[in-house]
Amino acid sequence: MAIPTVMTFPTLDQAESALDWIGLDFADAEGGFEGDLVAADAELLDEAIAADDTPDEVRALARALRTLIGAHSDGAAFRVAFEA
């Protein structure tokens, strides 16, 4: 089963920075990054969504990942892609 791409950023740096901002563990993958969400990650995502200083694109990623983990309470794989 293919890992769902939850968001695509224009550059590698933007994708990596967004994931770092949230604080998720992830690994390099061809054209993106991949990781596994666990229930405990919901707190990190909620914090990123609620923080006043979270950039809009990071907040959008956190919301997309929060939706994914909400649909899969036992955890879910994710992919964040980049164009260049």
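Mentor: Strands of a sheet pair through backbone hydrogen bonds, either parallel or antiparallel. Here β2 and β3 run antiparallel and are joined by three bridges. Two strands count as paired if DSSP finds at least two bridges between them. Strands (E, at least two residues) and helices (H or I, at least four) are DSSP runs, numbered from the N terminus. The model is predicted: local features need pLDDT of at least 70, side-chain atom pairs count only at pLDDT 80 or more, and totals for chains, interfaces and linings use all residues. Residues are numbered from 1 along each chain as its sequence is written, and side-chain values use heavy atoms, with hydrogens and water left out.

Trainee: Which residues in β3 are the bridge partners of Ala27 and of Asp28?

Mentor: Ala27 has Glu34 as its bridge partner, and Asp28 has Phe33. The two strands form a hairpin with two residues between them, and Gly31 in the turn has a positive phi of about 70 degrees.

Trainee: How many bridges join β3 to β4, and how many join β1 to β4?

Mentor: Six bridges join β3 to β4, and these strands run antiparallel. Among the residues involved, Glu34 has Arg79 of β4 as its bridge partner, while Gly32 stands opposite Ala81 in β4. Four bridges join β1 to β4, which run parallel; in that pair, Met7 is partnered by Val80 of β4.

Trainee: In what order do the four strands form the sheet?

Mentor: The order is β1-β4-β3-β2, in an open sheet with mixed pairing. β1 and β2 (27-29) stand at the edges with a single partner strand each, so one side of each has no neighbour in the sheet. From one strand to the next the twist averages 30 degrees; axes are lines fitted to C-alpha atoms, for helices over the stretch in contact, and angles run from 0 to 180 degrees between N-to-C directions.

Trainee: Is β4 mostly covered or uncovered?

Mentor: Burial is judged by relative accessible area: buried means under 20%, exposed over 50%, and partly exposed in between (1.4 Å probe, protein chains only). β4 is mostly covered, with six of its seven residues buried.

Trainee: Which residues are buried in helix α1?

Mentor: In α1 (residues 12-22), the buried residues are Ala15, Ala18, Leu19 and Ile22. They cover an arc of only 95 degrees around the axis, which puts them on the same side of α1; the arc is that of the directions from the helix axis to the C-beta atoms. These buried residues pack against β1 (5-9), β3 (32-37), α2 (41-50), α3 (56-71) and β4 (76-82), where contact means heavy atoms within 4.5 Å. By contrast, Asp20 lies in α1 and counts as partly exposed, at 48% relative accessibility. Just after the helix, Gly23 takes a positive phi of about 100 degrees.

Trainee: Which residues of α2 are buried, and which exposed residues does the face turned away carry?

Mentor: Asp41, Ala42, Leu45 and Ala48 are the buried residues of α2. Seen down the axis, they fall within an arc of 125 degrees, so they line one face of the helix. The face turned away from that buried side carries the exposed residues Glu43 and Ala50. The cover over the buried residues of α2 includes α1, β3 and α3.

Trainee: At what angle do the axes of α2 and α3 cross?

Mentor: Two packed helices are described by the angle between their axes and the distance between the axes. The axes of α2 and α3 cross at roughly 145 degrees and come within 9 Å. The residues that meet include Leu45 in α2 and Leu65 in α3.

Trainee: Which strands does α3 lie across?

Mentor: α3 lies across β1, β3 and β4, running at about 170 degrees to β1. α1 also lies across β1, β3 and β4, at about 145 degrees to β4.

Trainee: Which residues touch the most other members of the largest nonpolar core?

Mentor: A nonpolar core is a set of buried Ala, Val, Leu, Ile, Met, Phe, Trp, Tyr and Cys residues joined through side-chain atoms within 4.5 Å. Of the 20 residues in the largest one, Ile22, Leu24, Leu37, Leu45, Leu61, Leu65 and Phe78 touch the most other members. The largest share of this core, six residues, comes from α3.
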